[in-house]
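Trainee: I'd like a close look at one part of this protein, its inside. Could you walk me through it slowly?

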Amino acid sequence: MERWKTERSEALLDTPWVKVRRDAVRLSNGAKIDDFYAITIRDAAAIVALDGEGCLILKREYRYCQDRELLEIPAGAFNDGETDPLAVAQRELLEETGYVSDCWEYLGQTVESSAKMTNKMHLFLARNCRKVAEQKLDETEELTVERVPLSKAVDMVMTNEICCNSSAHGILRTAWMMETRRFAETNEKCCKIDSDLL
C-alpha cells in the first residue's frame with residue numbers, strides 16, 4: 001500500500017503539550033483530502049507492574065475528557081529533554097505508585113489512536129515490584145493505587161472494566177507471556193533493554 005503524499009501543512013496550535021496541524025494530502029488512488037487534521041502529544045511510557053505475589057499495581061484516576069474514573073496501568077509523558085523511555089517508565093512508576101523494580105522488559109510501542117494522533121506509547125513490563133516510598137504526585141494528579149491479581153485484571157479487560165488501549169494491551173500481553181513462559185528467566189536478561197527496539 002502506497003503512502004499518502006503531503007501537499008500542504010499548516011500549524012493550527014503549537015503548545016508544549018499539544019500540537020495540531022491541518023494537512024492537504026493526496027492518496028495513492030488520486031483522491032485528495034484538503035483538511036486532514038493531525039494531533040501530536042508527547043510520547044509516553046506505560047508500565048505493567050507486577051509485584052512478587054503476582055498482583056498488578058494499577059492506578060484509578062479521574063479522566064476529565066471521559067468524565068469518569070478509569071483503572072489503568074501507571075504511565076506518564078516524556079518531560080522536556082527526555083529521550084530514554086525506560087527512564088521515563090521508572091520515574092513514573094515511582095512517582096505514581098511508590099513502587100520500584102530491578103527487572104524490566106521492553107514490550108514495544110503501542111499506538112493509542114492511529115487515525116489522528118502521532119504519539120507513541122512505550123510499553124514496559126516491570127516484575128518483582130516492591131514499595132519503597134509514598135506517591136509523589138504532580139499538583140494536577142489525583143489517583144489511588146490498587147493491587148489486582150493478573151488473572152482478575154485479564155477478566156476486567158475482557159469485560160471492559162479496564163478499557164484504556166495501552167493498559168489492555170499490556171495486561172493481555174503480560175498474561176500471554178506468563179502463560180507461555182516468554183519472559184526473561186534471569187535478572188540479567190530481564191534488565192537488559194534492547195536499544196534497537198526503542
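Which residues have the most contacts inside the largest nonpolar core?

Mentor: Before we dig in, this is a predicted model, where local features need pLDDT of at least 70, side-chain atom pairs count only at pLDDT 80 or more, and totals for chains, interfaces and linings use all residues. Residues are numbered from 1 along each chain as its sequence is written, and side-chain values use heavy atoms, with hydrogens and water left out.

Now, your residues: Leu56, Leu58, Ile73, Ile162 and Ile171 have the most contacts inside the largest nonpolar core, which has 24 residues. By nonpolar core I mean a set of buried Ala, Val, Leu, Ile, Met, Phe, Trp, Tyr and Cys residues joined through side-chain atoms within 4.5 Å. Buried is under 20% relative accessible area, exposed over 50%, and partly exposed in between (1.4 Å probe, protein chains only).

Two or more residues each come from strands E4 (44-51), E5 (55-63) and E10 (121-131), plus helices H2 (150-158) and H3 (165-180). Helices (H or I, at least four residues) and strands (E, at least two) are DSSP runs, numbered from the N terminus. H2 gives the largest share of this core, five residues.

Let's zoom in on Ile73. Skipping neighbours within four places in sequence, Ile73 is in contact (heavy atoms within 4.5 Å) with Ala46, Ile47, Val48, Leu58, Lys59, Leu123, Ser166, Ser167 and Ile171.
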